[in-house]
Amino acid sequence: LPYVPQVPPMALLGRVTATTFALERPRCVFDGHADASDAVWLAVAFANASAAFRNPQCRAEVPPYKELLSARSYMTLETAAAAFSCSAPGPAVLRVGADTACRDQGRQDPCNGPLPSPGPYRVKFLLMGCRGPKAETRWSEPILLRTALSPSTLEAAPARPGSALVVIASILASLGAALAAAVLGALGAAVWGSLCHRALGTHRSYRSHHIPPGLGPCAPQPAPCQRTLQLVGLDGTA
């Protein structure tokens, strides 16, 4: 078949990581070739081993995930062919390498496990019937997984102008945080001023009752507002 598998253009759904990548769902590709009992597999091979890959003649010959490093290829994502028809609903993308449980318990069955190295890899879809292969797509272009020193350096692949929206959202979030900090600062200043006014009234009360110096809780160091009090007499004159 002339169809070539490819990484989807959607920025978020098509993200390429160190162990996974996404493919466009091959919708309508097998219509006219598949029966209700047929299944579609995805063959995954290291790019330099794709030419040597041989289609299995039955399900028992399907190379499993655990043999990827030695056989340089495996098959995964077994799906009923009807799920890829033009009328079938379903997600727009297929995630390759998403099942982390494949590395546990020595599983023997075909599995969609994390990819063990950056690759590059090439993939193709294979239509299998009860008597063996019936149709296949072309091999994809090489797909190289992305490794990074930190998650922040991982970007969507392939890059699209829509990713600028993520940058704009980050800038707006930063501006919002700065505005919130300014508002909280203003409210804090107002509350501090109110406390100072209350402290002023308290010290006037102490002076009118002639409480000796040294008995108040802040006697060793005058309160911040006492300097203002010294400039104003008890009768209200400066």
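**Cores, sheet and a buried asparagine**

Colleague: Which residues have the most contacts inside the largest nonpolar core?

Modeller: This is a predicted model, where local features need pLDDT of at least 70 and side-chain atom pairs count only at pLDDT 80 or more, while totals for chains, interfaces and linings use all residues. Residues are numbered from 1 along each chain as its sequence is written, and side-chain values use heavy atoms, without hydrogens and water. A nonpolar core is a set of buried (under 20% relative accessible area, 1.4 Å probe, protein chains only) Ala, Val, Leu, Ile, Met, Phe, Trp, Tyr and Cys residues joined through side-chain atoms within 4.5 Å. The largest has 28 residues, and those with the most contacts inside it are Phe21, Leu23, Val44, Leu115 and Phe125.

Colleague: Is asparagine 112 buried or exposed?

Modeller: Asparagine 112 sits in the loop between β4 (93-96) and β5 (121-129). Its relative accessible area is 12%, and under 20% counts as buried. So asparagine 112 is buried.

Colleague: And which residue's backbone oxygen lies 3.0 Å from a polar atom of the asparagine 112 side chain?

Modeller: Among the residues in contact (heavy atoms within 4.5 Å) with asparagine 112 are Thr76, Arg95 and Cys102. The backbone oxygen at 3.0 Å belongs to arginine 95.

How values were computed
Helix = DSSP H or I, 4+ residues; strand = E, 2+ residues; numbered from the N terminus. Buried < 20%, exposed > 50% of the residue type's maximum accessible area, 1.4 Å probe, protein only. Polar contact = N/O pair within 3.5 Å; in protein donor to acceptor, adjacent residues only side chain to side chain. Lists of a residue's contacts leave out its neighbours within four places in sequence.
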